[in-house]
Amino acid sequence: LSVASFSKEAVDRALRHEAPAKTTAAVALAVEAVASLGHAVVFTHERAHARTIAAAVRAALDGDEEKVPVEVFCATGLVPKDKRFAMSKAFNAAPRAVFVATMDSVGVGISLHAGRSVVFADINYNPFKILQCEDRAHRTGVAGPVDVTFLVRRRGLDERVVEIIVR
């Protein structure tokens, strides 16, 4: 099995097929993290999936009885770089917030150091991309641990990608 054996169409089909179950799990983890830690970060591959997760998090938190509102940010490659940077600053300054992003949209210069919990709704075949995303929350000066969770569907695309990465 090699990465080259995945066609773009097959990967896109698999991601769309797995997205609903992963959305539910990612939203539950983000809501739980906000309740206990104050901040959560969710990474995914697809723009549409990022928007869906962000909307579902907003809906899940809509009836929250807490006095402190939760801000939800969604950064994709379509959001201008300066706006993504401003969103990351607002996320870090907010008392409670969720930052949902595509993996390619939060590169150099973006700090999500307030994120105490990071959820990967998808796994990237490039382990360095995963590390770069994790590093958005693992910043210099961050006190305490950052919980990182990978959502891997059994017998799904991500399970195969993890097998390749671990080799």
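In which sense do β4 and strand β5 (residues 147-150) pair, and over how many bridges? Select both strands: they pair in the parallel sense over 4 bridges. Here helices (H or I, at least four residues) and strands (E, at least two) are DSSP runs, numbered from the N terminus, and two strands pair if DSSP finds at least two bridges between them. The bridge partner of serine 117 in β5 is aspartate 147.

The model is predicted: local features need pLDDT of at least 70 and side-chain atom pairs count only at pLDDT 80 or more, while totals for chains, interfaces and linings use all residues. Residues are numbered from 1 along each chain as its sequence is written, and side-chain values use heavy atoms, with hydrogens and water left out.

**The sheet**

Next, display β1 to β5. They form an open sheet of 5 strands in the order β2-β3-β1-β4-β5, with parallel pairing. β2 and β5 are the edge strands, each pairing on one side only. Select strand β1 (residues 39-44): 3 bridges join β1 to β4, and 6 bridges join β1 to β3. Phenylalanine 43 has phenylalanine 120 as its bridge partner in β4, and valine 41 stands opposite phenylalanine 99 in β3.

**The cores**

A nonpolar core is a set of buried Ala, Val, Leu, Ile, Met, Phe, Trp, Tyr and Cys residues joined through side-chain atoms within 4.5 Å. The largest has 24 residues, and Val41, Phe43, Phe91, Phe99, Leu112, Val118 and Phe120 have the most contacts inside it. Its largest share, 3 residues, comes from β3. Apart from this core lies another, of 19 residues, among them Ala30, Ala40, Val57 and Val119.

Centre the view on leucine 112. Leaving aside neighbours within four places in sequence, leucine 112 is in contact (heavy atoms within 4.5 Å) with residues including Val41, Phe43, Phe91 and Phe99.

**Helix α2**

Finally, select residues 47-61. In α2, His49, Ala50, Ile53, Ala54, Val57 and Leu61 are buried. Seen down the axis of α2, the buried residues fall within an arc of 135°, so they line one face of the helix; the arc is that of the directions from the helix axis to the C-beta atoms.

Note on methods
Buried means under 20% relative accessible area, exposed over 50%, partly exposed in between (1.4 Å probe, protein chains only).
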